[in-house]
Structure formats: structure tokens, C-alpha cells
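Subject: Structure for you to look at

Hi there,

Here is the structure I promised to pass on. Have a look at it first, and my notes follow below.

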Amino acid sequence: MRVVATAGHVDHGKSTLIHALTGTHPDRLAEERRRGLTIDLGFAWTDLPSGERLAFVDVPGHERFVPTMLAGVGPVPAVLFVVAADEGWKPQSAEHLAALDALGVRHGLLVVTRRDVADPGPATAEARERIRSSTLGDVEAVAVSARTGRGLDGLRAALDRLVAALPDGNAASPVRLWIDRSFTVRGSGLVVTGTLGAGRISRGDILTTARSGRPVRVRGLQALGEETAAVRATARVAVNLRGLDKESTGRGDALLTPDSFLACPSCDARVHGATPATELPRTAVLHIGSAAVPVRVRPLGPDTVRLTLHHPLPLRIGDRSVLRDAGLRRVLAGLTVLDPRPPELRRRGAAALRAAELDDARATPGEASELRRRLLVRRGELTAMGVTVRTAPVAGDWLADPAHWTALRARLADLVAAYLAERPTEDGIPVEAARHRLGLPAASLVEALVTPPLRLSRGRVGAGPPALPAAVTDAVGRLTAELAGRPFAAPGARRLAELGFGRRELAAAVRHGAVLRLAEHVVLLPDAPRLAAGLLGGLDQPFTVGAASRALETTRRVTVPLLEHCDGQGITEVLPDRRRRCADRRPPG
């Protein structure tokens, strides 16, 4: 299936032409038929001579309904531009063309109607000349009369040529179905319709809505009035949904593949057209897909702007949209989304710097350029922006620009060296402190940066193999001499300080296993538990704390924490009466 939208001035015969081609009049509302004026989107379809099925989205031509026209044209890849032979080019012809040019529509066909009323030559020549300067370029033109049928066969042949040139919709892409109509059907519930430009929808699929973020199940599908199990792009589709009511959705909402799009409250965009970014009004309406959202416009540079949206939309890099002045009812410019997740602009001059960053940004997202601009980004976030990712993550799902990652590794090495120079008794900089100083969003990134000669140990990043600073080594030597002959005579706080154990020195010695700290100011050598086991094993079992103190030639200040340590090591065990016994000794039976 292919999909084409109409465009052109009011009363130039768009709906009548669709009726003549399809046998179905697209005006479905009673008011439209009574007034003879299209005021909402209409839909019809036909089979072309080649056998290709072609769906039409018929749009209003009156200036009051340009937002509706944009909702119909926005998701559609091609246009049938209609001009009447007896009236020629008119104001809404110009505005519709400006909108198509802003959207970057490149496929179209000019149809000059009412050839039975006036010579189509002048109108055709003028219309082609005006269209030639737009993105549509040098379109083919066909003159017809819907009343007599003359020229319709030639139009059908031209439509076959048009649709043959249209690109195929990518069925492997995520679904983003812009909703242009929603209604309820008795016995079925909510039905939404739209033009599926990419992806595939199947009965039973779980999708989410852009507006609410709620998951919904596809209960049923129709394409061109026929029930179907699956629909692939490009197609007109009606989707029967479960889990959503009519009040929660409508035109401007979108059905999305879960976790495949970002809800974007702001974006940076390139401005197309003759109006410089600096001359755009500060408020306008953004039209994209079937959505129309008020926005605040902040110029960044001559052709780039920051848009702040009234409510978030599911945007991707390369999306084309229209910026329109709702008050003056005119198209201001076309836009291409460059960044759907832009950084905040906090400092003076940030806008100009941002414009310079975006100077080489393109509508087709490239992984290398996006990583270069973002430096660090989660893989899922980048793919949700429309970027194809081939780079392996550096940690978890984090992607990094290679040059930035190399620079971070060098900065971490410098950071570790500076930290250890200031604190020689410590084993390295804490990972969280390094994360903060490097400005990284996750501690896992710091850990991933650690490569030799850096090392990661006990939540700290150090340099080289673990080694005791000289001052700590000297203090341990003095403690060893102090305890020679009396290994359990732990020195008090003052004596520890005299031996060279300040707070940091003691902490370093404990981390390296050079001393055993049993309690506050109770410090022994690491082999104390082994020596204690030998002495305690010679006591009558079970034994008391007092007996242990006498055997170890020390005080309760040392004995109690030493025994608790031995309990934890399985050397001793506590009995119900609070006495202890060595774990490998049992009372005689």
C-alpha cells in the first residue's frame, strides 16, 4: 500500500477529484456535505492500473483549517497538489506549498482540475514554476476534469509512476503512528487511525501512547476497511486498542514501540527558509506528525533554535516539522530536529557555544558525530534518538566518545597521583570522590577507567601494587619491637601515637593487613589470634575471660575483643554460661 495526501486552495476540487478516482467521497461529516466544504481529514483508496493499492488523505483547503491540513500531510510521504484551471494559483496554494516545503516533502504530482471549464495551460505553467522552487521540485503535471472524467486515466498512470518512486517504509523500524482520528465502536471500544510511516503492527502487540505513556494492547487491525492480522509500513491503518479510553488520546498523540522514543520537552533544531532564527517570534506552534504544540523559541545562532514544548513529544534526530504563527496564520519556517535531548543553557554565552556545536550537525544521525557531541550517553537513549549503534559500551550500557574516554583515563591517573601526594597514608582515592571530580554520572564508569598501572581495591583507585608508606612501615616496626616477648600487651592510645600511629597511619596499616585492630586503641600484630589459640588450648576447658587474661598476660581491655575476634574466626566458641572453649576441644564424654 502507498499513501498520498492532497493539498491546494479551498474549492479547487480536491475532494471531488478523490471521489472521481475512488468512488468514495472523503467528506464524511454531515456538516461538510451540507456546506460543500471540507473541514476535517477524509480518507479513501483505490487500485491503480499496476495493481498497487493507493490510499488518499484528503485535507481541507480553507485557511482556517491549515492545522488540520498539516495533521494530514505531516506523516505522509507524497502529495497530490491540486490547482483549478479557472482560478489558478491562490493564497492557500502558496501556504500549502510553504508547509510542504517546510516539511521537506519531495514526492508529488500536480493536478490541474476543471479542464472542462478553462484552458489548463496557464494554470499549469504558473503552478509548476512556483512548485519548482520548493522541495517538490519539477513535478509532473496532469490536467483533468472530475465532472467529465477526461484525463483521469492519465492521472491514474501518473499516480502509478509517482508511487513507484516512493521509498519503501522500513518495517524493521520502531512504530510511531501519529494519530489523526479517534472514535469508539460499540462492542469494540476505542479505535485510532493514522498513517504508518515505519514499523509493523500486529494484533496482540503491546504499544505505548506518547501522551500518557500507558501500555495498550492491539485488539484488532484494519487496513483500507479490511480486517488484518498485521500491517507494515507504509499504510493507512485503524487500530482497535484495549487499555485506553477516548478521553486519554486523540489527534496529535502517537502509538509507539515501548522504550524506543524519548519524551522530549525541548529540542534543538535547524531552521529552513528565508526567515533567520533571530527574527522568529518568541512563541509559535510546532506542527509535527499530526501534533500541534505551542512552543517557546530561543535563537541559538543564525539558523538554529532551542524549542521548549508545551508538552513533550516523541522526537528523533532528523524529524522535519513546521513552525507556524497561529495568530497571523502563516508558516514561519521549516525545522529539522538536531537534538531531541539537548543540554541546559546556564551560562552567559552558552547559546552561541551551542550553535557552534551544532554547526556540523546533520539530519541523518551518525554514531561517531553524536558521541563526539555528547561524550557520554546511554545506549538506549542514543538508539531512541534514531542513531544506529555499533560501538560496544565502556561500562554497563554507557557509550563514550573514544577521545573523551582516553582523556578521562589520563585525568583519573593525574587525580590519583595528586590525591596520594596529599594523603600518602591512604590506599587511593575513593571511587565516589573520583566520580564527583571527573563529573561522571555513574561510579561504574570510574571503575571501567581503571587500567594498569592504576588498580581498584576496596572501593578506592590507587597506583601500582599496594605498598605501605615508609612512615607506616616504620611505625609497624616499632610496634613489633614493643610487643616482642609480650605479644598481647597492646599499647594504649598515647603510646600508639608515640610509636607513629596517627589516625591515617593506623588506617593504612590495617588496610594492608600489617596490624590487627580489635577495638578502639586495641592494636596487635596480625599473628596474635594464632598465638592466642596455642596458649588458650592449654587451659582447662571451658575457661573464663579471667583465665584467658592470665594465660595471655594481658588485661580484659585486650582479652575481651581478642576472644570475640577468635569467636568469629572459629578458634573459640562461647558457651551458654559465657565461658569459652577452644573449638577443636570437646569435654570428656
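**What I found**

Residues are numbered from 1 along each chain as its sequence is written, and side-chain values use heavy atoms, with hydrogens and water left out.

Confidence is lowest in helix α2 (residues 30–35), with a mean of 64, and highest in strand β23 (residues 398–400), at 97. Helices (H or I, at least four residues) and strands (E, at least two) are DSSP runs, numbered from the N terminus. Where pLDDT is low, the predicted coordinates should not be read in detail.

**Two helices with a buried side**

In helix α1 (residues 14–22), Lys14, Ser15, Leu17, Ile18, Leu21 and Thr22 are buried (under 20% relative accessible area, with exposed over 50% and partly exposed in between; 1.4 Å probe, protein chains only). They lie on the same side of α1 because they cover an arc of only 160° around the axis, taken from the directions from the helix axis to the C-beta atoms. Their cover includes β1 (2–8), β2 (42–47) and α6 (152–164), where contact means heavy atoms within 4.5 Å. Glycine 23 follows α1 and has a positive phi, near 80°.

Helix α11 (residues 431–438) buries Val431, Ala434, Arg435 and Leu438. Their arc around the axis is only 100°, which puts them on the same side of α11. Among the elements they pack against are α10 (402–422) and α12 (443–449). Just after α11, glycine 439 takes a positive phi of about 70°.

**A helix pair**

The axes of α16 (residues 528–536) and α17 (residues 545–552) come within 10 Å and cross at roughly 110°. The two are therefore roughly perpendicular to each other (65 to 115 degrees). Ala532, Leu535 and Leu536 of α16 meet Ala548, Ala551 and Leu552 of α17.

**One arginine**

Arginine 316 sits in the loop between β19 (304–315) and β20 (320–325). Is arginine 316 buried or exposed? It counts as buried, at 15% relative accessibility. Not counting residues up to four places away in sequence, arginine 316 touches residues including Pro174, Arg176, Phe261 and Met385.

Best wishes

Note on methods:
pLDDT = per-residue confidence, 0-100. Axes fitted to C-alpha atoms, helices over the stretch in contact; angles between N-to-C directions. Parallel < 35°, antiparallel > 145°, perpendicular 65-115°, else oblique.
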